[in-house]
Every structure is written in structure tokens, then in C-alpha cells.
Amino acid sequence: MKSYTRPIILVTGKNGQVGWELQRTLMPLGTIIALGRDELDLTKHDRIRDVIQRFKPEVIINAAAYTAVDKAETELDLAMKINGDAPGILASEAKKIGALLIHYSTDYVFDGCKDSAYVETDVPNPLNHYGQTKLAGEMAIQAIDCEYLVLRTTWVYAGRGQNFLMTVLRLAQEREELRMIADQLGSPTWARLIAETTAHVIRQALNEKLAGRFESGLYHLTSAGKTSWFGFAEKIVELAKAGSEGHHLLVQKIHPITTEEYPLPAIRPKNSLLSSASLIKRFDLTMPHWESVLTLCFQDVED
Ligand SMILES: NC(=O)c1ccc[n+]([C@@H]2O[C@H](COP(=O)([O-])OP(=O)(O)OC[C@H]3O[C@@H](n4cnc5c(N)ncnc54)[C@H](OP(=O)(O)O)[C@@H]3O)[C@@H](O)[C@H]2O)c1
């Protein structure tokens with residue numbers, strides 16, 4: 001009988017927010033082969049096939065993506081190759097070797113017009129190229145029908161690299177006044193929460209596979225609670241002022257503004273809220289409130 005003692009887990013996008021956390025969180029689960037763009041470029045589809053055939057992982061986690069939402073408006077072909085086509089290649093290779101494929105997607109598959117949190121059965125209607133390419137990736141995986149879990153998440157941040165948290169901290173050190181969008185709602189989600197949830201999900205999924213009762217599916221994975229970019233920025237500054245990490249802040253006031261007052265190339269959904277209820281139920285988890293997670297993340301923020 002097949003056993004999953006120290007499964008080989010292949011992670012793409014090892015230098016991204018989620019990929020970086022996955023390398024640390026997954027260590028007790030198996031042998032991690034984490035690859036960055038230099039080692040596995042998702043635009044090179046033959047290379048994807050070669051790498052998977054070589055390592056024959058039991059689990060493939062696709063944490064790589066084209067995530068430059070505004071740039072995607074002028075780079076649709078490149079974004080589609082990475083976000084739309086590569087997941088299908090990963091899925092067909094996973095199917096050949098019986099591997100479990102974990103793939104991340106986004107709230108940007110929705111148009112944000114719903115007045116409550118989106119559930120998995122809501123019909124996608126992306127507003128921008130990035131959302132279109134991510135939806136194409138989901139559909140490619142579903143069409144191949146390997147053993148997969150697609151996890152849609154939202155408003156991802158980390159205590160390192162480039163993201164909203166680090167941008168607000170930088171701006172708060174440079175300026176006395178900030179302007180932040182107050183009419184888009186979401187649940188800020190720490191990359192580490194995504195990685196740790198992924199580890200639980202993989203463990204259970206492998207046990208289900210062994211027992212012959214695994215079912216593929218698409219799930220929403222975000223922190224609990226909701227806020228706007230304005231509310232998120234206010235909490236970041238509050239925590240930075242309260243902490244002793246040496247953030248020397250100039251900022252005195254954050255002004256709430258509308259989406260229209262800060263035009264960007266890609267249209268964003270006004271409502272990015274995703275309900276994690278199905279994930280919580282299937283995998284017996286709890287999703288903590290975004291404020292308590294952010295407070296913990298602050299202990300890790302790089303100055
Ligand atoms: N960030 C968000 O707010 C957000 C929201 C919802 C969903 N998601 C989804 O969550 C997942 C993880 O996102 P993240 O925030 O961790 O993204 P991230 O920090 O932007 O990391 C993405 C990684 O993908 C790599 N990458 C880009 N093009 C590549 C290519 N052609 N081949 C191989 N690797 C490539 C990048 O490599 P380099 O380091 O070389 O650039 C980067 O390390 C993605 O599927 C994303 O769509 C993110």
C-alpha cells in the first residue's frame with residue numbers, strides 16, 4: 001500500500017510572499033523542493049514537464065503567479081501564459097503521476113457587485129486582465145481534472161518584500177498625510193496564515209487520498225472580518241506606533257478617499273470578501289480575525 005511518509009512537495013514561486021512562507025511551514029510534512037523563477041520559469045512549458053517528470057512529487061504547490069495587476073492590462077499574453085496556461089500544464093503532469101495539485105487563485109475573479117461575501121458557487125466575472133488570467137488558470141485545472149485543490153485568497157501581505165503593509169509603513173515614515181481608498185472591502189490575509197492553512201489541508205488531503213476518499217475542489221481561504229484599505233492602513237499605523245520595533249513615523253493623518261479619486265489602470269472589485277466557511281467545514285479549521293493576525297505579523301516586520 002502506498003504511504004505518504006515524507007512525501008516530495010514541489011513548490012513553485014519560492015521567493016513570493018506565499019512561496020517564501022510555504023518553504024518554512026511545510027518542512028515537517030516532507031521533502032520540500034522549492035523553485036524560484038530562475039529554476040522553474042512558468043512561461044517555459046516544456047521545462048515544467050521536465051521538472052515534474054524528474055522529481056515526481058506527491059504534491060505540487062503552485063505559489064508562482066503573474067501578480068502585477070496593473071501591468072497585466074498591457075501584458076495580457078505574458079500574464080495568460082503564467083496564470084492561465086501554466087496551471088493546466090501543472091495539472092496534466094500532476095494527473096500523469098497521481099500527484100495532488102494545490103493552486104492559489106484570487107477574489108479578482110469576481111466583479112465585486114455582490115453585497116455579501118462571495119461563496120465558491122458564485123459566478124465569476126473578472127473586471128481586469130489579471131482576474132481573467134487567474135480564472136483561466138482555475139478552469140484549466142478543473143478541465144484536466146487531476147486531484148487538485150484551488151484556494152482563492154485575497155489582500156495578501158507579509159512582513160517582508162513589497163505589499164500593502166510594507167508600502168504603508170514606508171509611506172508613514174516619509175509623509176505626514178496619507179490618502180487611502182475607503183470604498184473597497186476585503187480581508188487582509190497574512191501569507192503565513194495561507195501557508196499554515198495549506199499545510200493542514202495537504203496533510204488531510206493526503207490521508208483522504210490514501211483512504212480513497214479524496215475529492216478535488218475549489219475553496220476560499222481568507223482571514224475573518226473585513227475592512228477597507230483605509231481601515232487596514234489605520235491599523236498598520238496604530239500597531240507601528242504602539243510597537244517598539246523602531247518605526248519612526250512622520251504620519252499624522254490618514255484621509256479616506258474613493259476609488260475614483262485614485263485611478264489605476266486595472267479596475268478593482270469594490271467587494272473582495274470571500275467566505276471561508278466551506279474550507280473551515282471540510283478541513284475542520286478556524287480562520288482568525290485579520291486584526292489579530294496582523295498584530296502577530298507585526299512581531300516579524302522587517303524594518
Ligand atoms: N498578492 C495578493 O494580494 C493576492 C491576492 C489574491 C490572490 N493571490 C494569489 O496568491 C498566490 C501567491 O501570491 P503572492 O502574493 O505570494 O505573489 P508574489 O509575492 O507576487 O509572488 C509571486 C511569485 O511568482 C513568481 N513568478 C512570476 N512570474 C513567474 C514565472 N514566469 N515563472 C516562475 N515564477 C514566476 C515571482 O517571481 P519573482 O520573485 O522572480 O518575481 C514571485 O516570486 C498567487 O496565485 C496570487 O495570484 C495573491
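**How do we know? Talking through a predicted model**

Biologist: What makes you place H45 in helix 2?

Modeller: H45 sits in helix 2, which covers residues 45-55; helices (H or I, at least four residues) and strands (E, at least two) are DSSP runs, numbered from the N terminus. By the way, this is a predicted model, where local features need pLDDT of at least 70 and side-chain atom pairs count only at pLDDT 80 or more, while totals for chains, interfaces and linings use all residues. Residues are numbered from 1 along each chain as its sequence is written, and side-chain values use heavy atoms, with hydrogens and water left out.

Biologist: Why is H45 called buried?

Modeller: Buried means under 20% relative accessible area, exposed over 50%, partly exposed in between (1.4 Å probe, protein chains only). H45 has 18%, so it counts as buried.

Biologist: And which residues does H45 touch, leaving out those up to four places away in sequence?

Modeller: K81, D85, A86 and I89. Contact means heavy atoms within 4.5 Å.

Biologist: On to the ligand. How many residues surround it, and which are the closest?

Modeller: There are 23, and the closest are R37, L42, T67, Y130 and K134. To be near, a residue needs one of its heavy atoms within 4 Å.

Biologist: Which element gives the largest share of the shell around the ligand?

Modeller: Strand 4, with three residues.

Biologist: Now the whole chain. How many helices and strands does it have?

Modeller: Nine helices and 12 strands.

Biologist: Why is the chain called as compact as a globular protein of its length?

Modeller: The radius of gyration is taken over C-alpha atoms, and the globule rule is 2.2 Å times the number of residues to the power 0.38. For 303 residues the rule gives 19 Å, and the chain's radius of gyration is 19 Å, so it is as compact as a globular protein of that length.

Biologist: What share of the chain's residues count as buried?

Modeller: 54% of the 303 residues.
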